[in-house]
Amino acid sequence: MNSEPIHVTGTLIWYYFVCQRQVWLMAHQVNPDEDDPNMDLGRFIHQTSYTREHKKEILIGHVKLDIVRFDNGVPVVAEVKKSSKYLRSSRMQLAFYLLELKRRGIQAQGELRIPKETKVEIIQLTDDVEVELIQAEQAIQALSMAIIPPAPKKIGLCAPCAYQELCWS
């Protein structure tokens, strides 16, 4: 059992809102299949989209921001996703980045970008979302301290999951 608290990252927040078993696996450094075609596609879209943006992949603490730009002096953090299939988890991941910036005294806005669908959604960190994120952070900490992962649950998102073989073999 891991007795040290983990650093909650945007990726863990994203997984938390998709599948809590994935959170446990990531927290215990069990990585997904890196050769999974969906992972490859996500990396490709990330690398080839918005190439003219000036600030790509900025690391602040334990969070990696896809794109940072300034709009009239206000920082705007953009998160790039391959599809809107996991929209809730993507919104929460971006809101987590806004929360992390707020904790460092930076008020920022968010843009969720889905280039394949030519969508851009503005994300704000509301009080309700902030409370939900703090609860998610606590739940992720608790999951990371567990000796064994939660049992796999068949959900609609299992088919394209890079952990599929691990969960269902």
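Where does Val8 lie? Val8 is in the segment before H1, and I'll come back to that residue once we have the overall layout.

A quick word on what we're looking at. This is a predicted model, where local features need pLDDT of at least 70, side-chain atom pairs count only at pLDDT 80 or more, and totals for chains, interfaces and linings use all residues. Residues are numbered from 1 along each chain as its sequence is written, and side-chain values use heavy atoms, with hydrogens and water left out.

OK, the layout. The protein has six helices and five strands, with helices (H or I, at least four residues) and strands (E, at least two) taken as DSSP runs and numbered from the N terminus. Reading from the N terminus, the order is α-α-α-β-β-β-α-β-β-α-α. Of the 169 residues, 39% are buried; that label means under 20% relative accessible area, while exposed is over 50% and partly exposed is in between, using a 1.4 Å probe and protein chains only. The accessible surface comes to about 9,700 Å², and 54% of it belongs to carbon and sulfur atoms; that's Shrake-Rupley with a 1.4 Å probe, and for residues only the protein chains shown count as cover. As for contacts (heavy atoms within 4.5 Å), take those between residues at least 6 apart in sequence: 67% of them join residues at least 24 apart.

Now the inside. By nonpolar core I mean a set of buried Ala, Val, Leu, Ile, Met, Phe, Trp, Tyr and Cys residues joined through side-chain atoms within 4.5 Å. The largest one has 37 residues, and the members touching the most other members are Ile13, Val23, Leu65, Val77, Phe96, Leu133 and Ile140. Helices H1 (10–16), H2 (20–27), H4 (87–103) and H5 (127–145), plus strand S2 (63–71), each supply at least two residues of this core. H4 gives the largest share, eight residues.

Let's zoom in on Phe96. Leaving out residues up to four places away in sequence, Phe96 touches Val8, Thr9, Gly10, Ile13, Val63, Arg103, Leu133 and Glu137. And there's Val8 again, as promised. With 12% relative accessibility, Val8 counts as buried. The C-alpha atoms of Val8 and Gln138 are separated by 9.3 Å, though the two residues are 130 apart along the chain.

How do H4 and H5 sit against each other: what is the crossing angle of their axes? They cross at roughly 95°, and the axes come within 10 Å. That makes H4 roughly perpendicular to H5. On the H4 side, the contact involves Arg88, Met92, Ala95, Phe96, Leu99, Glu100, Lys102 and Arg103; on the H5 side, Val129, Glu130, Glu132, Leu133, Ile134 and Glu137. Under 35 degrees is called roughly parallel, over 145 roughly antiparallel, 65 to 115 roughly perpendicular, and the rest oblique.

On to charges. There are 10 salt bridges in the structure, each one a side-chain nitrogen of Lys or Arg within 4 Å of a carboxyl oxygen of Asp or Glu. One of them joins Glu111 and Arg69, with the closest N and O atoms 2.3 Å apart. Glu111 sits in strand S4 (residues 109–114) and Arg69 in strand S2, 42 residues apart. Glu111 counts as buried at 8% relative accessibility, whereas Arg69, at 24%, is partly exposed.

Another pairs Glu130 with Lys102, at 2.7 Å from N to O. Glu130 is in H5 and Lys102 in H4, so this bridge ties together parts that are 28 residues apart in sequence. Here Glu130 is buried at 16%, and Lys102 is partly exposed at 33%. There's also a network: Glu100, Arg103, Arg104 and Glu137 are joined by salt bridges that share partners.

Most residues other than glycine have a negative phi. Gln29, not a glycine, has a positive phi of about 60°. Gln29 is in the loop between H2 and helix H3 (37–48), and at 69% relative accessibility counts as exposed. Asn72, also not a glycine, has a positive phi of about 55°. Asn72 lies in the loop between S2 and strand S3 (74–80), and is exposed at 78%.

That's my tour, thanks.

Methods:
Axes fitted to C-alpha atoms, helices over the stretch in contact; angles between N-to-C directions.
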